Amino acid sequence: KESTMASNFGELVLLLGDHHLPSRTTSIPEQFQRMLVPHKMQHVICTGNIESPQEYERLRELVGGGSNVHCVAGEYDFVQQQQHQQHQHQQLDDKKVIQLGQFRIGIIGGHQVVPWGDLSALAMIRRKMNVDVLVCGWRRKEGVVEHDGGYYIFPGSITGAYSSHAPTSTNPSFILLAVQGSNMVCYVYELKDGEVDVSKIEFAK
């Protein structure tokens with residue numbers, strides 16, 4: 001499916017975050033690791049809380065360099081940067097805006113939002129950032145939500161790491177975007193009972 005998408009639907013963008021490696025878990029699930037093959041995607045968007053320089057390097061390797069890795073800092077990345085500042089490859093901002101096709105895409109870690117994950121608060125941030133799509137480090141059941149004239153994408157945790165903001169256990173998840181001009185297709189990958197479940201959402205600007 002990924003190779004067909006790559007040939008037929010423009011740029012492929014991997015959305016992921018909340019690794020929490022190694023503080024809360026030990027690795028990305030093997031089922032996902034087999035899917036994350038270098039040079040299949042053109043961009044990586046990361047919502048932060050990687051916590052590991054090694055994992056950041058893995059993201060760079062997926063797209064052949066750092067210029068196409070668009071990463072913001074989660075709340076725990078700020079702690080890591082303060083403690084290990086001399087070892088950081090770069091200082092991460094808490095938000096970022098990029099252009100893909102005809103879409104302006106904003107990226108935030110999500111810890112700036114009060115209440116956490118609140119769509120009304122996110123809509124205010126989206127308007128302030130002047131973006132069409134807001135990618136947020138939070139896991140909602142829907143994965144992709146249309147609200148108040150914009151789109152909100154929640155890739156969740158690639159490792160399924162525990163979160164104090166989630167009332168129940170979190171399934172590992174990530175999202176793959178296929179972007180061409182004014183069209184975007186979102187493939188939401190979620191690991192349920194050891195099997196990879198895929199749902200698809202399409203929208204146009």
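Helices (H or I, at least four residues) and strands (E, at least two) are DSSP runs, numbered from the N terminus.

1. **What you are looking at.** This is a predicted model, where local features need pLDDT of at least 70 and side-chain atom pairs count only at pLDDT 80 or more, while totals for chains, interfaces and linings use all residues. Residues are numbered from 1 along each chain as its sequence is written, and side-chain values use heavy atoms, with hydrogens and water left out.

2. **Confidence.** pLDDT is the predictor's confidence in each residue, from 0 to 100. Its mean over the protein chain is 83, and 81% of the residues reach 70 or more. Please read two stretches with care. Residues 1–7 have a pLDDT below 50, and in the model this stretch has 14 contacts (heavy atoms within 4.5 Å) beyond near neighbours in sequence. Residues 78–89 are also below 50, with 15 such contacts.

3. **The chain as a whole.** The protein chain has five helices and eleven strands. Of its 205 residues, 47% are buried; buried means under 20% relative accessible area, exposed over 50%, and partly exposed in between (1.4 Å probe, protein chains only). Among contacts in the chain with a separation of 6 or more, 60% join residues 24 or more positions apart. The accessible surface comes to about 9800 Å², and carbon and sulfur atoms supply 47% of that. These areas come from the Shrake-Rupley method with a 1.4 Å probe; for residues, only the protein chains shown count as cover.

4. **A serine in a loop.** Look for S157 between β8 (150–153) and β9 (173–180). Although S157 sits in a loop, this residue is buried, with a relative accessible area of 5%. A polar atom of the S157 side chain lies 3.0 Å from the backbone nitrogen of A161. Leaving aside residues up to four places away in sequence, S157 touches G17, D18, N171, P172 and S173.

5. **Cysteines.** How many disulfides does a search of the whole structure find? The search finds zero, a disulfide being a pair of cysteine sulfur atoms within 2.5 Å. For C71, the closest cysteine sulfur is in C46, at 3.7 Å, which is too far for a bond. C71 is buried at 5% relative accessible area, and C186 is buried at 0%.

6. **A hairpin to look at.** Strands β4 (residues 95–100) and β5 (residues 103–108) pair in the antiparallel sense over six bridges; two strands pair if DSSP finds at least two bridges between them. Q99 stands opposite R104 in β5. Two residues lie between the strands of this hairpin, where G101 takes a positive phi near 60°.

7. **Two residues with positive phi.** Most residues other than glycine have a negative phi. H39 has a positive value, near 70°, and its place is in the loop between α2 (30–33) and β2 (43–46). Is H39 buried or exposed? H39 counts as exposed, at 60% relative accessibility. D193 also has a positive phi, near 50°, and lies in the loop between β10 (183–192) and β11 (195–204). At 82% relative accessibility, D193 counts as exposed.

Technical notes:
Polar contact = N/O pair within 3.5 Å; in protein donor to acceptor, adjacent residues only side chain to side chain.
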